[in-house]
Amino acid sequence: MTDLVTLGESMALFTARRTGPLRHARDFGLGVGGAESNVAIGVSRLGGRAAWIGRVGADEFGELLRSTLAGEGVDVRGMRVDPGAPTGLMIKSRRTAEMVDVRYYRSASAGSRLCPSDLDVSLIRSARVLHVTGITLALSASAAEAVRAAIAEARDAGVTVSMDVNYRRALWTPAEASAALRETVASVDVLFATEGEARLVVEGDDPLTLAGALSALGPRHVLVKRGALGAIELSDGAVRHAEPYRVVELDPVGAGDAFAAGWIAETLAGAAPERRLATACAAGAFAVTADGDWESLPRRADLDLLRPSGTADAA
Ligand code: KDG
């Protein structure tokens, strides 16, 4: 049985090895990235059975995605190969040591051509959690339809639906995002958002007000991610605050996916709410400690290595 099914676009990821303007980068590392597949990898590393659905091109980058995800224990039976479009690309560079810049080459990519008929409906209906993101809603009309169809199947089968807002301003405007997100948020059980993303959907000055307004739209669990300030969770009317973990940040990309993966993995494992939130924060912290969107995501044995801010170091 599959614990988690995700769907979305994953891309080949070129990372400039040297800091400075991209035009002067001479060497690049090649890997993969994709918000939903990052979550699948994170859940798999924490012991869950995760599957990813998406389209790739009939090219080397599609094969790189297949072998990378399969190598991380993610079920790729739902991966479709599109002979008519290439796998999308993502380029990551640093203008300064602290400034990470991400560019996409994904319009008309195979991944953005995802459509409802690509869905492995039995995989979705037999899973315990379906996880989607706002990125897929923004990719194309057919990709947005695929998200809505997947949610409808999951709800009909009693599968928990989780969503990360994951607003990407390169893909749509705040006004476009607001309307689509508001409609989708109402049909999910678990919602992850930063404060800024929450304000695309509801109004509020502080994270608790935002969480309350989001939960009034429908989600039973609302997680507001606050980066170095930790996170808050509003679940079934109960509020929990989580401390951030102490790490040196090298690459912030992928922290939100790691947070979602930690929370979902602990939910699947039947952990207590405090543990669920602590693991989410720890996974998010691990994600920023090294280059790569998912490479530093934790395994179970890693989780005790970090300490929340405000706690004393072990003797
Ligand atoms: O959260 C990290 C993702 O954003 C990254 O891996 C790639 O899916 C991606 C996107 O669209 O930015």
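Asp101 is partly exposed, at a relative accessible area of 25%; that class lies between buried (under 20%) and exposed (over 50%), using a 1.4 Å probe and protein chains only. Asp101 pairs with Arg103 in a salt bridge, with 2.6 Å between the closest N and O atoms. Here a salt bridge is a side-chain nitrogen of Lys or Arg within 4 Å of a carboxyl oxygen of Asp or Glu. This is a predicted model: local features need pLDDT of at least 70, side-chain atom pairs count only at pLDDT 80 or more, and totals for chains, interfaces and linings use all residues. Residues are numbered from 1 along each chain as its sequence is written, and side-chain values use heavy atoms, leaving out hydrogens and water.

**Salt bridges overall**
- The whole structure holds 25 salt bridges.
- One network of salt bridges links Arg55, Asp82, Arg113 and Asp118.

**Arg103**
- Arg103, the partner of Asp101, is partly exposed at 40% relative accessibility.

**Arg125 and Asp156**
- A salt bridge joins the side chains of Arg125 and Asp156 at 2.9 Å, N to O.
- Arg125 sits in helix H3 (residues 121-126) and Asp156 in helix H5 (residues 141-156), so the pair ties together parts 31 residues apart in sequence.
- Helices are DSSP runs (H or I, at least four residues), numbered from the N terminus.
- Arg125 is partly exposed at 33%, while Asp156 is exposed at 58%.

**Arg148 and Glu183**
- Arg148 and Glu183 form a salt bridge, their closest N and O atoms 3.6 Å apart.
- This pair links distant parts of the chain, 35 residues apart: Arg148 is in helix H5 and Glu183 in helix H6 (residues 174-185).
- Arg148 is partly exposed, with a relative accessible area of 29%.

Technical notes:
Helices (H or I, at least four residues) and strands (E, at least two) are DSSP runs, numbered from the N terminus.
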